[in-house]
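Start with the overall build, then go through its charged pairs and a few individual residues.

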Amino acid sequence: MPSRDPKSLAGRHALTARRLGIPIVDAPQSIGPSADVLIDGLFGTGIHLPLRDPAPAIIEAMNATGRPIVAIDVPSGLDADTGMGAEAAVRAAATLTLAAPKAGLAGVSNAGRVFIADIGMPVALFGADQERLAALYAIGDVVELIAPRVDAGP
């Protein structure tokens, strides 16, 4: 999706992609039939619901491809704090969440398998969660977060 401001971060990334020979095309019509996987990075964690056009059509087209989708940080359309918007959000096979787990990903099937990536932020920035994050980061740069199993009984 092209940036409205060529000097914005998204605009600068688009320029870098073009310089690398990566084509930039309009969504949703441009989702190529030869794509093996889709990378979802439409929004950041601070989106405000409800989504505005053209976002719903792009998300619908991505979901309709039947191809695996990997979401960056949170599936587009999903509120990172609450999980609201899941019914209209990207249905990811996997989500690579950045820096710290997002509360809105807990128990939301749209996120698929959830991984956390250490992107170099000091754990001291996370207050009460810093010890837990340090323990995750000690495992590796990318760690799969697995929800605790609920035991059905003996």
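What follows is a walk through a predicted model, from the whole chain down to single side chains.

Begin with the overall build. The protein has three helices and five strands. Read from the N terminus, these elements come in the order α-β-α-β-β-β-α-β. Along the principal axes, the C-alpha atoms fill a box of roughly 50 × 35 × 30 Å. The chain counts 154 residues, and 30% of them are buried. The accessible surface comes to about 10000 Å². Carbon and sulfur atoms account for 59% of that surface. Contacts also reach along the chain. Take those between residues at least 6 apart in sequence: 51% of them join residues at least 24 apart.

Now turn to the charged pairs. The count of salt bridges comes to three. One of them joins Asp73 and Lys102, with the closest N and O atoms 2.9 Å apart. Asp73 sits in the loop between β2 and β3, and Lys102 in the loop between β3 and β4 (113-117), so this pair ties together parts that are 29 residues apart in sequence. How accessible are the partners? Asp73 has a relative accessible area of 14%, so it counts as buried under the 20% cut-off. Lys102 is at 17%, and is therefore buried too.

Another salt bridge joins the side chains of Glu144 and Arg113, at 2.8 Å from N to O. This pair links distant parts of the chain. Glu144 belongs to strand β5 (residues 142-145) and Arg113 to strand β4, 31 residues apart. Glu144 has a relative accessible area of 29%, which makes it partly exposed. Arg113 is partly exposed as well, at 48%.

Asp129 and Arg132 also form a salt bridge, and here the closest N and O atoms are 3.6 Å apart. Asp129 is partly exposed, with 37% relative accessibility. Arg132 is partly exposed at 47%.

Look at Asp40, in strand β1. Is Asp40 buried or exposed, and how far away is the nearest side chain of opposite charge? Asp40 is buried and has no salt bridge. The nearest side chain of opposite charge is that of Arg91, 11 Å away. A salt bridge needs the nitrogen and oxygen within 4 Å, so Arg91 does not qualify as a partner. Asp40 does have a polar atom in its side chain that lies 3.4 Å from the backbone nitrogen of Leu42. What else does Asp40 touch? Beyond its neighbours within four places in sequence, its contacts include Met62, Ile69, Val70, Ala71 and Ile72. Val74, Pro75, Ser76 and Val90 are also among them.

Asp79 is another case. It lies in the loop between β2 (69-72) and β3 (94-98). Asp79 is buried without a salt bridge. Its nearest side chain of opposite charge is Lys102, 11 Å away. Which residues does Asp79 touch, apart from neighbours within four places in sequence? They are Leu49, Met84 and Gly104.

Next comes Asn63, in helix α2 (residues 55-64). Asn63 is at 13% relative accessibility, so it counts as buried. Which residues does Asn63 touch, leaving out those up to four places away in sequence? They are Ile69, Ala89, Val90 and Arg91. Asn63 and Arg91 are 28 residues apart along the chain, yet their C-alpha atoms are separated by 6.2 Å. Two of these names have come up before. Ile69 and Val90 are also among the contacts of Asp40.

Finish at the surface. Val37, Ile39 and Ile72 form a nonpolar patch there. Together the three have about 250 Å² of accessible area. Ile39 is in strand β1 (residues 38-40). Its relative accessible area is 55%, so Ile39 counts as exposed under the 50% cut-off. Ile72, another member of the patch, is in contact with Asp40.

Conventions
Residues numbered from 1 in each chain as written. Predicted model: local features only at pLDDT ≥ 70, side-chain atom pairs only at ≥ 80, totals over all residues. Heavy atoms only, no water. Patch = residues over 30% accessible without salt bridge, like charges linked within 9 Å, V, L, I, M, F, W, Y side chains within 5 Å. Areas by Shrake-Rupley, 256 points an atom, 1.4 Å probe, with all protein chains shown as cover. Helix = DSSP H or I, 4+ residues; strand = E, 2+ residues; numbered from the N terminus. Buried < 20%, exposed > 50% of the residue type's maximum accessible area, 1.4 Å probe, protein only. Lys, Arg positive; Asp, Glu negative; His and termini not counted. Polar contact = N/O pair within 3.5 Å; in protein donor to acceptor, adjacent residues only side chain to side chain. Contact = heavy atoms within 4.5 Å.
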